[in-house]
Amino acid sequence: MKSKPITKRFYTLSMPKSLEHTLDSSSTIPTTHNFEKDFPMMMATCVKCMRETLNARFAEAGYNITSEQWKIITQLATQDGISQQELAIRYDRSKASTMVIIRNLEKVGLINRQPHPVDKRANLVYLTKEGRELQRALRPIAIANIEQMSKGISKSNIELLKTLLSQITKNING
């Protein structure tokens, strides 16, 4: 039996032969695997908690900004004047979802877009003075959030986690 491709966002994966039977309507899906306690589900829950905690910390400090907006602002603080498409790639989101965030940040005066000097179809995105000031103000809050979530975990285990996450990403992307 040939592998059936799975297309999800930017990835096209092949179904492992060992799982192909689950796509066959005449067979039953195995019930012995506890997916809720599998590391992908645990990672998804953890990421959701991290995002919600950061959002709550920003709100408690009086800032009306989300963790999703924070990612864009942080990318621009690292390298200002990059294209909307490059932001989407670095942000690891679709162009459409990135565009919504860019528009919202632009509406409140935290970023501005300027035409690309060579490619007239593209825009470059820049932090405004207010955006840069906000990024500096939010940094200690984000760092405190990282410290809170890392409490009780050694630096070597944090480095191991980063290595493991990098390897998982490489495995998924091929």
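User: How do the residues of the lining of the largest pocket divide into nonpolar, polar and charged?
Analyst: This is a predicted model, and in it the lining of the largest pocket divides into 23 nonpolar, eight polar and nine charged residues.

User: Which residues lie nearest the centre of that pocket?
Analyst: Of the 40 residues that line the largest pocket, Met 43, Val 47, Met 50, Lys 71 and Leu 165 lie nearest its centre.

User: And which elements give two or more residues to the lining?
Analyst: Those elements are α1 (39–60), α2 (67–78), α3 (84–91), α5 (129–149) and α6 (155–173).

User: What volume does the largest pocket have?
Analyst: The volume of the largest pocket is about 1900 Å³.

User: Switching to packing, how do α1 and α2 cross?
Analyst: The axes of α1 and α2 come within 9 Å and cross at roughly 85°, and an angle of that kind makes α1 roughly perpendicular to α2.

User: Which residues make that contact?
Analyst: On the α1 side the contact is made by Arg 51, Leu 54, Asn 55 and Phe 58, and on the α2 side by Ser 67, Glu 68 and Trp 70; by class, the contact of α1 with α2 has three nonpolar, two polar and two charged residues.

User: How many aromatic pairs are there?
Analyst: The count comes to one aromatic pair. Phe 58 and Trp 70 form this pair, which is edge-to-face, with 5.7 Å centre to centre and 65° between the planes. Phe 58 sits in helix α1 and Trp 70 in helix α2, twelve residues apart, so the pair links distant parts of the chain.

User: What about α3 and α4, at what angle do they pack?
Analyst: Helix α4 (residues 95–107) packs with α3 at an angle of about 110°, and their axes are 9 Å apart, which makes α3 roughly perpendicular to α4.

User: Which residues make the contact there?
Analyst: Gln 84, Gln 85, Leu 87, Ala 88 and Tyr 91 of α3 meet Lys 95, Thr 98, Met 99, Ile 101 and Ile 102 of α4, and the residues of this contact divide into six nonpolar, three polar and one charged.

Conventions:
Residues are numbered from 1 along each chain as its sequence is written. This is a predicted model: local features need pLDDT of at least 70, side-chain atom pairs count only at pLDDT 80 or more; totals for chains, interfaces and linings use all residues. Side-chain values use heavy atoms; hydrogens and water are left out. On a 1 Å grid over the protein atoms alone, a cavity is a set of points where a 1.4 Å probe fits but cannot get out, and a pocket is an open set with protein on both sides within 12 Å along at least five of seven lines; lining residues have an atom within 4 Å of a point. Grid points are joined across faces, edges and corners, and a volume is the space filled by probe spheres set on the points. Helices (H or I, at least four residues) and strands (E, at least two) are DSSP runs, numbered from the N terminus. Ala, Val, Leu, Ile, Met, Phe, Trp, Tyr, Cys and Pro count as nonpolar, Asp, Glu, Lys and Arg as charged, and the others, Gly among them, as polar. Axes are lines fitted to C-alpha atoms, for helices over the stretch in contact, and angles run from 0 to 180 degrees between N-to-C directions. Angles under 35 degrees count as roughly parallel, over 145 as roughly antiparallel, 65 to 115 as roughly perpendicular and the rest as oblique. Contact means heavy atoms within 4.5 Å. Rings of Phe, Tyr and Trp (its six-membered ring) pair if their centres lie within 6.5 Å; planes under 30 degrees apart count as stacked, over 60 as edge-to-face and the rest as tilted.
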